[in-house]
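Hi,

Here is the structure I promised to send over. Have a look, and then read on for what I found in it.

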Amino acid sequence: MPRQSPFYFTDNDRQFQIRAQLVDEKIKDEKFDITQFTLMIPQLDAVEFQRQPGSDLNAVTADTLTKVRDCYGKSRLFYSGGADSQFLLMAHIKNKLPLDEVRSYDKISFPDPLSRAMDETVCTGWEYLDQLVAARALDSGGVFKTLLTEQQYTDFFSQPEFWKYGSSSLASISLTANMIVTSKLQHQTDICNLSGTTTPFVYYQDGWNFRLTDKQFEPEFSGLNRQHTDVVNITLEYPEFTQSYVNCIIDGMEQFPDYKERFSWEQMITKPTGLLRRFVPEVVAANGALWGPRNPKIIDIDVTTPMYHRALQQHGRCLVWSWFLEQYPTDWYLKWKYNTDWEWAKTSYELLGVWSKPYKVK
């Protein structure tokens, strides 16, 4: 059986396990107030976090990953080439930790060169995995690079209420690939599926604090995933890692003389937490190893075309895909377009994230 989720939602009277249940309540009752709910993270809620300047994040991460693997027996990393999965990959490599599987997926099953050019996995991530295998830093037998097929997308969008399996239905069909990946792996209790890390909102208000919101990691723990392959997010489940990570961010913030005002809650709530990664030297170094000074490769794209610039400026990557698929629709795209309950998806998209309590760092 799947293990218990590392979080839940409560307003002290009611308790919900996944975000879809909150959306269902809002659909049934317009007066349903999500701001009355708190995101409960049991592994963090009982901890008194300590201010530890100069915390050795590399050592703490290595110790955490060792504990995770000892618990499960094997480790599997879902690798996209993004900042979080790259950080965990490099933590294994740097500390010579065993990593049984690295699974990386080409999400673009349709022949659109623009979309392929914008995909970090294919453009850079796979090339870097090849380099690690060549250097014998990774065992080639444990590296799986797979193209998601048209049929896998079709199967996913043929399921009842597929739009409830994550908050991505309205914003981006591309994020659905992450759910397809895990749903196709047989449920195993003897392997840890590492999904990455989550960067907390760190801010100053009568001292240092941090909070998390469910929208940062909700698709990883959707109803579909929890029926199939469990994932492990070490930020939510290993407080010693979270404490070290937060301390590294605070170290960087305190380099600014006006840090109390610059990083107040009012200032930080308007910013994506991804920006806070720049305060974590280990994350910066890990991603520098992947990207270096160069840009992702562009594959057979004339970047001077008006379509290219218009699509990027107005929509970004996810809707560039929709632009192509509108011209050359696939069966699964039509299922997504015409079978999604768009009122439900819109409600989910517009519904606020549920915040954890403030965690004091004393």
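Which side chain does the side chain of Glu101 join in a polar contact? The partner is Arg103, and the contact between the two side chains comes out at 2.8 Å. Before you go further, keep in mind that this is a predicted model.

A bit more on Glu101: you'll find it in strand β5, which covers residues 101–106. Its relative accessibility is 15%, so Glu101 counts as buried, the cut-off for that being under 20%. If you skip the neighbours within four places in sequence, Glu101 is in contact with Ser75, Arg76 and Leu77, and also with Gly142, Phe144 and Ile191.

Next up is Thr330, which sits in the loop between α16 (317–327) and α17 (331–339). Buried or exposed? Thr330 counts as buried, because its relative accessibility is 12%. The side chain of Thr330 also reaches a backbone atom: the nitrogen of Tyr333, at 3.2 Å. With neighbours within four places in sequence left aside again, Thr330 is in contact with Glu150 and Leu325.

Last, helix α1, residues 19–28. Arg19, Ala20, Leu22, Val23 and Glu25 are buried there.

Cheers

Note on methods. Residues numbered from 1 in each chain as written. Predicted model: local features only at pLDDT ≥ 70, side-chain atom pairs only at ≥ 80, totals over all residues. Heavy atoms only, no water. Helix = DSSP H or I, 4+ residues; strand = E, 2+ residues; numbered from the N terminus. Buried < 20%, exposed > 50% of the residue type's maximum accessible area, 1.4 Å probe, protein only. Polar contact = N/O pair within 3.5 Å; in protein donor to acceptor, adjacent residues only side chain to side chain. Contact = heavy atoms within 4.5 Å.
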